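Please examine the sequence and the three-dimensional view below before reading on.

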Amino acid sequence: MPIAYPETRRDDVVEQQFGIAVADPYRWLEADVRNDREVADWVERQNAVTGAYLAALPARDWFRTRITQLFDYERFGIPEKKGSRYFYMHNSGLQQQAVLFVREGLDGEGRVLIDPNGWSADGATALSEWTPSDNGEHLLYAVQDGGSDWRTARVLDVATGKDTGDVIEGMKFTLAAVWNKDGSGFFYSRYPEVAEEDRFQALNENHKIYFHRLGNPQSADRLVYETPEHPSHSHYAQITDDGDWLAITTSEGTDDRYQITLIDLREPAWPARTIIHGLNHHWSLAGNSGTRFYWTTNSHAPRMRIVTMDVTGSEHPEAHELVPEDKATLEGATIIGHTLIASYLVDARTEIRRFALDGTPLGPVALPGIGTASGFGGMADDPETFFAFTSFNEPTTIYRHNVATGESTPWAAPKLLFDPSDYAVEQRFYASKDGTRVPMFVVRRKDTHGPAPTLLYAYGGFGISLTPAFASSRVAWMEQGGVLAVANIRGGGEYGKAWHDGGRLANKQNSFDDFIAAGEYLIHEGIAGKGQLAIQGGSNGGLLVGAVTNQRPDLFAAALPAVGVMDMLRFDRWTAGRYWVDDYGKPAEEADFRTLHGYSPYHNVRAGADYPAILVTTADTDDRVVPGHSFKYAAAIQSAAIGEKPHLIRIETRAGHGSGKPTDKLIEETADLLAFAAEWTGLVIRD
């Protein structure tokens with residue numbers, strides 16, 4: 001029986017753009033749900049219909065129960081050592097938010113430093129980023145409320161566990177702060193104050209760097225760096241381990257094209273000197289030895305290399321190659337224990353390599369298997385560092401690495417409610433539409449044989465690489481005989497700049513073709529059967545799912561687009577959307593407009609085609625990809641003649657783009673998504 005969707009007002013909004021009549025009948029749904037009663041009422045009515053449908057799904061209770069069980073294990077974050085203290089996050093299992101602990105010495109007893117679980121009744125106020133001072137005496141931490149990207153920062157006295165009274169407003173996306181060497185204050189980035197009614201939709205511009213001295217009000221903070229002539233520029237500071245230099249990285253969008261400015265902190269006036277000009281290439285500081293700086297860069301090296309330069313005096317210091325470009329993609333490097341530790345991607349899997357400061361190879365860091373290693377932070381003169389390792393069938397384990405001996409030992413390992421050896425992780429390669437060879441991970445129980453219901457996931461944007469990672473909900477899916485497939489499509493960074501360029505701007509269709517080809521491959525190889533393929537993606541991945549559903553509705557049984565960028569003609573008008581023109585193009589320029597109009601999910605719903613079942617997800621406090629994108633798209637698919645399968649939207653309250661979401665909301669959402677996918681791919685739940 002067809003679902004009776006809530007009535008949605010359809011307006012006669014049509015605009016001429018470059019000779020094309022562009023209809024936008026649901027523009028009214030762009031209004032902020034907090035300020036517009038009609039939009040709020042629409043959200044309530046949509047959630048009522050969706051909630052009733054999801055509640056009736058036979059697999060929902062099983063997934064909720066099993067995911068809850070699989071979530072209930074002890075989880076640790078990577079420790080950060082400052083002075084003699086070790087700071088780390090910990091969740092005992094089902095806590096809504098992880099808790100920050102501190103140890104006095106490596107083997108000291110853990111002490112609770114910040115527990116955010118009492119900050120709000122619904123658990124949606126989170127401790128997000130944090131950074132201790134170099135001496136470990138103070139901790140700067142950020143509070144995230146209801147999933148918003150905005151942050152309020154405070155300072156804690158580590159010894160007493162009490163706030164100092166220092167409060168910083170105006171930070172967004174990250175804490176973006178670094179302590180000075182003596183711990184008397186910190187440098188931080190912020191946006192100007194925004195009116196409360198515009199807080200969740202206004203464009204973010206005029207980013208500036210300030211210095212805050214402990215004990216002073218924010219109004220007294222010293223302006224360190226700004227570019228008023230370029231309001232679209234963003235600025236982030238990094239301080240060298242010796243405390244002498246502040247390195248400011250300036251960007252304009254999401255592309256890794258940076259300008260680098262140095263401030264010599266030994267000079268009282270803090271004069272700023274730009275040493276890398278032009279926003280042309282990626283530059284990331286790995287460390288320094290006096291005036292000799294080490295950088296990773298894609299200048300003359302699409303897959304990155306390590307260079308050095310002497311920053312004394314010159315406005316254009318010369319870069320000298322230290323570690324040349326490799327067939328593997330260099331992701332980053334740090335100096336730890338007077339050794340360069342570099343992270344590489346080899347077909348989307350991590351390799352860690354060590355180099356002397358003169359570039360001499362010292363061999364790899366042994367990893368537990370095929371997966372993702374991250375971390376390796378610390379000080380240049382400290383031979384101790386920590387890293388996390390995870391894979392599709394391996395929850396995160398924290399390791400302590402001794403740089404001097406090359407030995408890695410487990411520091412915190414989880415106790416599990418399943419056996420990782422029951423699951424097989426394999427990597428396959430398939431040909432896309434134009435013949436490009438694309439990697440894909442396929443994960444399933446060893447006793448699962450195809451064809452079987454399959455969940456296909458991808459992202460394909462902004463140079464972001466998808467590497468092996470663990471999720472409890474995926475284990476629940478695979479326990480019931482489902483298959484997980486993760487495709488490393490173009491637009492990501494798995495093979496460096498060329499792979500990214502191959503899936504953005506005028507080449508964005510390559511991302512969609514790669515994803516469609518992944519689905520065709522899974523069916524052709526008998527991994528999934530016809531009518532057994534569900535697709536999933538979030539943010540740029542939500543755009544991906546929306547676009548390919550329009551282009552190949554016959555290929556998929558279910559589609560799960562989350563917090564997606566669905567209106568490609570107006571995305572640059574809200575919050576962080578202006579940054580995304582690097583990947584998508586500018587809707588106001590004709591060539592870009594024609595590309596965007598050709599695949600925009602909202603504008604290309606194909607009336608008359610038989611669409612898969614669709615469950616759109618978003619949240620009312622998403623101030624990165626504003627929920628109006630998903631609202632308008634849901635209204636469009638519900639009003640179009642695209643078949644009788646359900647086309648629903650699930651709108652979370654007091655949640656944002658994803659970060660800071662409490663455990664119970666994560667469990668409820670993933671249970672709903674997997675129950676919906678199971679219903680439409682034929683996954684049978686076995687008790």
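The buried residues of helix H9 are covered by elements that include helix H1 (37-55), helix H6 (540-551), strand E37 (558-562), strand E38 (613-619) and strand E39 (647-652). Helices (H or I, at least four residues) and strands (E, at least two) are DSSP runs, numbered from the N terminus. This is a predicted model, in which local features need pLDDT of at least 70 and side-chain atom pairs count only at pLDDT 80 or more, while totals for chains, interfaces and linings use all residues. Residues are numbered from 1 along each chain as its sequence is written, and side-chain values use heavy atoms, with hydrogens and water left out.

Of the 12 residues of H9, 11 are buried, where buried means under 20% relative accessible area, exposed over 50%, and partly exposed in between (1.4 Å probe, protein chains only). Among them are Phe631, Tyr633 and Ile637. The length of H9 (residues 628-639) can also be checked: at 1.5 Å a residue its 12 residues should span 16 Å, and its end C-alpha atoms are 16 Å apart, which agrees. The expected span is 1.5 Å times one less than the number of residues.

Attention now turns to a single residue. Gln532 is found in the loop between helix H5 (508-524) and strand E36 (533-538). Is Gln532 buried or exposed? Gln532 is buried, because its relative accessible area is 16%. Beyond its neighbours within four places in sequence, Gln532 is in contact (heavy atoms within 4.5 Å) with Pro451, Ala452, Pro453, Thr454, Ala557 and Thr681. The side chain of Gln532 also reaches the backbone nitrogen of Ala452 at 3.4 Å, and a polar atom of this side chain lies 2.7 Å from the backbone nitrogen of Gly529.

The strands come next. Two strands pair if DSSP finds at least two bridges between them. Strand E16 (residues 234-239) and strand E17 (residues 245-251) pair in the antiparallel sense over six bridges, with Ala237 opposite Ile248 in E17. E16 and E17 form a hairpin with five residues between them, and Gly243 in the turn has a positive phi of about 80 degrees.

Terms used
A polar contact is a pair of N or O atoms within 3.5 Å; within protein, one must be able to donate a hydrogen and the other to accept it, and residues adjacent in sequence count only if both atoms are side-chain atoms.
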